[in-house]
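Please keep the sequence and the structure at hand while reading.

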Amino acid sequence: MAPLYDIAVVGYGPTGLTAASLLGRLGHRVVVCERWPGLYGLPRLTHIDDETARTVQAAGDADEALRDSSLCQYVWLNGKGETLVHIPANPQGPMGYPEHISMYQPDVENAIDKRLRGYGTVDVRQGWAVTGLDQDDDGVTLRLRGWNADGATADGPHDEVRARYVIAADGSRSQIRELLGVERQDLGFNELWLNIDTEWLRPQPPEFASATQYCDPARGHMTINIGTSRQRFEFALLPDETREGMTAPESAWRMLREYHDLGPDDVRIIRQLVYGFEARIATRWRTGRVFLTGDAAHTMPPYLGQGACSGIRDATNLAWKLHLVLGGRAPDALLATFESERRPHVTALTHAAIGLGKVANMHDTEAAAARDAAFFAGTMPPPPPFPPLTDGVLRQGTDAPVGTLTPQGRIRLADGRTGRFDDLTGYGFTLVTAEDPTAALGPERLARLERLGCAVVALDTVDDLDGRHGEYLDLLGAVAYLERPDFVLFGTAADPADLGALVDDLDAALSGTVGAAV
């Protein structure tokens with residue numbers, strides 16, 4: 001019989017890498033099944049936000065992952081080159097990283113891959129495609145075939161792996177989703193764009209050190225910096241243009257010359273293909289012991305820069321819940337909160353991305369003129385703010401902004417160690433208090449937090465070097481806050497007498513009893 005793993009992860013892109021690394025860090029036996037023999041090695045995503053960078057920090061070496069990254073500002077121009085929207089770069093977001101980061105995906109994937117291979121609990125099986133699955137009450141058996149990369153077919157040797165749960169992170173054309181018979185809802189956005197990734201042969205000109213969207217009704221197009229040494233260019237396909245024609249090398253050079261006056265002396269083309277921008281969401285994200293994540297569960301247009309970020313959020317949301325269930329510290333019912341928390345969040349972002357996509361793909365000149373006038377008059381509504389979580393493992397019945405994200409700053413411990421908060425306190429639940437909570441909690445509750453793997457950080461015993469955590473407590477009007485492993489605020493304690501109830505409510509939420517919506 002195939003050896004039993006705790007979790008099998010299918011797919012080894014950013015979502016699968018993150019899930020495998022976080023679960024490996026938590027000590028679980030993980031097997032990764034990936035059909036391609038190595039990491040992709042080319043950029044697909046080019047942007048992450050500070051929340052995603054914080055997750056990369058938990059899953060790998062963030063400094064190594066972001067070594068060729070840069071700040072990212074966004075400029076939206078109309079067909080005349082007039083500015084419609086300008087979102088400046090913020091070098092210091094609340095998570096301890098720039099709010100918008102232009103990065104080189106292979107660096108991020110290599111850093112996470114290196115970290116997880118050092119745990120000793122993660123088996124990475126590259127070159128194996130999943131061709132079938134069977135479930136029972138105790139686990140899932142995946143049937144594998146060796147993948148022929150040259151022929152793009154699964155015609156190699158047979159094998160099997162078995163795991164208690166499966167995380168499908170195998171992309172928008174997910175084989176696992178197909179095997180489960182899960183349909184997707186099409187939200188009605190479908191556009192074809194030519195993608196050209198390049199490497200600069202000279203120093204990057206200043207005008208390319210940002211993300212610029214050209215909302216030109218004649219042809220929408222955009223460019224974004226990939227760190228400091230690479231550049232992406234994208235062009236909407238016109239009705240008379242085909243995938244085959246636009247993937248010819250001469251088409252790329254024609255577009256680069258026509259729109260940006262660039263040629264072979266300026267850049268080297270490293271990737272050229274036509275993408276289908278779509279918005280689709282799977283009708284269900286869980287079937288028995290199998291979970292759909294990332295593009296297997298949802299796809300969105302790229303205009304908000306949140307496609308990969310959303311997949312990575314899936315991974316970190318699901319990882320800590322699987323950890324508790326596998327360890328017997330929470331019932332299987334906790335896993336239902338994966339979809340109930342993530343679906344509304346990603347659906348809201350998808351609709352926001354569709355709205356921006358309609359602006360970028362407005363081909364009617366009169367409609368585009370009316371759009372421009374609305375922007376200039378200030379009557380065009382801005383994109384909605386990122387939604388908080390509104391359901392799931394959250395403390396209810398308070399005025400605290402539960403479901404929003406908690407900050408990360410730099411701290412210095414009593415032993416002199418200095419660094420990012422998460423690097424010094426660990427990965428898991430964290431209770432941050434203004435003062436030592438020992439007396440308020442008592443030994444029994446402290447023991448419960450210890451069993452949960454919850455770090456307790458009293459700010460009067462550390463140096464809050466950026467003042468970020470103390471300022472956050474002041475903002476909350478609280479003496480303590482409890483954050484989940486995915487940086488979501490579970491709840492706060494208004495005073496020392498409320499600390500014990502906060503811990504009790506976390507227990508109730510994880511067990512699915514009272515005190516929180518689960």
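Which residues of strand β25 point one way, and which the other way? In strand β25 (residues 480-483), A480 and L482 point one way, whereas Y481 and E483 point the other way, and all are buried. The model discussed here is a predicted one.

**Confidence of the prediction**

The protein has an average pLDDT of 95, and 99% of the residues score at least 70. Over residues 514-518, however, pLDDT stays under 50; for this stretch the model has 21 contacts beyond four places in sequence.

**Strand β25 and its partners**

Strands of a sheet pair through backbone hydrogen bonds, in either the parallel or the antiparallel sense. Strand β22 (residues 430-433) pairs with β25 in the antiparallel sense over four bridges, and V432 stands opposite Y481 of β25. Strand β26 (residues 489-493) is likewise an antiparallel partner of β25, again over four bridges. Here L482 has G491 of β26 as its bridge partner. Five residues lie between the strands in the hairpin of β25 and β26, where F487 takes a positive phi near 70°.

**An open sheet of eight strands**

Elsewhere in the chain, an open sheet is built from eight strands in the order β6-β5-β13-β14-β15-β12-β16-β19, with mixed pairing. Its edge strands, β6 (83-87) and β19 (298-299), each pair on one side only. Strand β5 (residues 74-78) pairs with β6 in the antiparallel sense over four bridges, and L77 stands opposite T83 in β6.

**Helix α10**

Helix α10 (residues 365-377) contains 13 residues. At 1.5 Å a residue the helix should span 18 Å, and its end C-alpha atoms are 18 Å apart, which agrees. The buried residues of α10 are A368, R371, D372, A374 and F375. Because these residues cover an arc of only 160° around the axis, they lie on the same side of α10. On the other side of the helix, E366 and A377 are exposed. The buried residues of α10 pack against β5, β6, β13 and α9 (336-360).

| Residue | Relative accessible area | Class |
|---|---|---|
| T350 | 0% | buried |
| I281 | 2% | buried |
| G307 | 24% | partly exposed |

T350 lies in helix α9. Not counting residues up to four places away in sequence, T350 touches L187, A279, I281, T299 and M300.

I281 has its place in strand β16. Leaving aside neighbours within four places in sequence, I281 is in contact with E183, R184, Q185, L187, A297, H298, R343, T347 and T350. How far apart are the C-alpha atoms of I281 and P3? They are separated by 33 Å, and the two residues are 278 residues apart along the chain.

G307 belongs to helix α8 (residues 307-326). G307 and V346 are 39 residues apart in sequence, and their C-alpha atoms are 8.9 Å apart in space.

Methods. Residues are numbered from 1 along each chain as its sequence is written. This is a predicted model: local features need pLDDT of at least 70, side-chain atom pairs count only at pLDDT 80 or more; totals for chains, interfaces and linings use all residues. Side-chain values use heavy atoms; hydrogens and water are left out. Two strands pair if DSSP finds at least two bridges between them. Helices (H or I, at least four residues) and strands (E, at least two) are DSSP runs, numbered from the N terminus. pLDDT is the predictor's confidence in each residue, from 0 to 100. Contact means heavy atoms within 4.5 Å. The expected span of a helix is 1.5 Å times one less than its number of residues. Buried means under 20% relative accessible area, exposed over 50%, partly exposed in between (1.4 Å probe, protein chains only). The arc is that of the directions from the helix axis to the C-beta atoms.
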